[in-house]
Amino acid sequence: MDMLTIGAFAKACRLSPKALRLYDELDLLRPARVDPDTGYRYYAAGQLERARLVAWLRRLGMPLAEIRRVCALGPGAAAVEVRAYWARVEAETAVRRDLAAFLVDHLTEESGRDTTMSTTPLELRYRAHSDRGLVRPANQDAAYAGGRLLAVADGFGPAGGPASSAAVEALRFLDTRETPAGGILNVLEDAVRGAARAVRDAAGGAQEAGTTLTAALWTGSRLALVHIGDSRAYLLRDGELFRITHDHTVVQAMLDEGRLTEAEAVSHPQRTLLLKALTGAEATASPDLRLHEARAGDRYLLCSDGLPTVVPDDAVRGLLAAAPAPDEAVDALIAAANAAGGPDNVSCVVADVVEAAV
């Protein structure tokens, strides 16, 4: 068997001797032989492929414990795990990417960009409605729309109704408070902490009770979004529909990781299992925070999962585009959910960005 010294092996696989010694200690990449007198490590040429895989995975930033598991798999299964890992990385960095974009825009404006922008004032026209649906015995959703605040919450568990109402009620003070654009995300994050405390009180500390929360705060030119759970926010712009939230569910994570197809996700038994929510437990998962530059003509939709579960996005787009005003859009969307069987509570908030009357 061809043997390489640790120095030659390190050069061939592009791992440092120090890294090789660490991976030996962690049982990740053992040398083929250790000299009993000198303790010097020797590696077989056949170990190069595994060593190179370790080096590549480290460049991806994969933790050593996960690398050990991937290296124990066959090529096909290892490829699935690498794809899944990278999907998680992209999902975890999406919020930071949006925050970075916001900071760039905000700092650019501070240096004078606003002088080239339109000064036409904008405002929201809105409607909110929550419906029990045709199957559920009670409505555990809550919805709210005002001149500055839009919110939808979908409760679950024995105290789901009080939990969703408490979450929305805890944010309502934002509707009457002027918020500078530069601090709006901090304000929203603080408000969600208050909502989390309100939910814990309403749920009586029960882990099995809680709520999703998707809310938007209007500054006059931007819409700041906070999101946790599987309620959704959409933007209709120039006839195209964009989903601007990411479901915090087991099934969505499996879709992101390539473990499920869209067709399989529809009937998956865990499709309603949440990874993040506001619950009666003490710990609260971090919400997604994003900021959207608004344009006159934009139409925003916030909804509980009772709508997208039974009404496809193409149908949602058509109904939003056809309705001349927010109240008609809300009525049409809820009617479509009930026409499809109404298996769940359904709540919708629709807000149009329009030029303010002078």
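User: What counts as a helix or a strand here?
Analyst: Helices are DSSP runs of H or I with at least four residues, strands are DSSP runs of E with at least two, and both are numbered from the N terminus.

User: OK, so how many helices and strands does the protein have?
Analyst: The protein has 11 helices and 15 strands. This is a predicted model, where local features need pLDDT of at least 70 and side-chain atom pairs count only at pLDDT 80 or more, while totals for chains, interfaces and linings use all residues. Residues are numbered from 1 along each chain as its sequence is written, and side-chain values use heavy atoms, with hydrogens and water left out.

User: How much of the protein is buried?
Analyst: Of its 358 residues, 47% count as buried. Buried means under 20% relative accessible area, exposed is over 50%, and partly exposed is in between, with a 1.4 Å probe and protein chains only.

User: Which residues touch the most other members of the largest nonpolar core?
Analyst: Leu171, Leu174, Leu188, Leu213 and Leu278 do, in a core of 28 residues. A nonpolar core here is a set of buried Ala, Val, Leu, Ile, Met, Phe, Trp, Tyr and Cys residues joined through side-chain atoms within 4.5 Å.

User: Which element gives the most to this core?
Analyst: That is α7, with nine residues. The elements that give two or more residues include α6, β5 (141–145) and β13 (288–293). Another core, of 24 residues, lies apart from this one, and Cys13, Ala19, Ala55 and Leu64 are among its members.

User: Why would residues like that sit together?
Analyst: In soluble globular proteins, nonpolar side chains tend to be buried together.

User: Back to α6 and α7. At what angle do their axes cross?
Analyst: Helix α6 (residues 160–171) and helix α7 (residues 184–203) cross at roughly 150°, and their axes come within 8 Å. That makes α6 roughly antiparallel to α7. As for how angles are sorted, under 35 degrees is roughly parallel, over 145 roughly antiparallel, 65 to 115 roughly perpendicular, and the rest oblique. The axes are lines fitted to C-alpha atoms, for helices over the stretch in contact, and angles run from 0 to 180 degrees between N-to-C directions.

User: Which residues make the contact between α6 and α7?
Analyst: From α6 they are Pro162, Ala163, Ala166, Ala167, Ala170 and Leu171, and from α7 they are Ala191, Val192, Gly194, Ala195, Ala198, Val199 and Ala202. Contact means heavy atoms within 4.5 Å. The residues of this contact divide into 12 nonpolar, one polar and no charged.

User: New topic: where is Arg14 found, and is Arg14 buried or exposed?
Analyst: Arg14 is in the loop between α1 (6–13) and α2 (17–25). Arg14 counts as exposed, at 65% relative accessibility. Its phi is near 65°, a positive value in a residue other than glycine.

User: What about Asp27, where does that lie?
Analyst: Asp27 lies in the loop between α2 and β2 (33–34). Asp27 also has a positive phi, about 60°, although it is not a glycine. At 45% relative accessibility, Asp27 counts as partly exposed.

User: And Arg41, buried or exposed?
Analyst: Arg41 is buried, with a relative accessible area of 19%. Arg41 lies in strand β3 (residues 41–44). Not counting residues up to four places away in sequence, Arg41 touches Leu4, Thr5, Ile6, Arg21, Asp24, Pro31, Arg33 and Val34.

User: Last one: how far apart are Arg127 and Val350?
Analyst: They are 223 residues apart in sequence and 5.6 Å apart in space, C-alpha to C-alpha. Arg127 has its place in strand β4 (residues 122–131), and Arg127 is partly exposed at 24% relative accessible area.

Note on methods:
Ala, Val, Leu, Ile, Met, Phe, Trp, Tyr, Cys and Pro count as nonpolar, Asp, Glu, Lys and Arg as charged, and the others, Gly among them, as polar.
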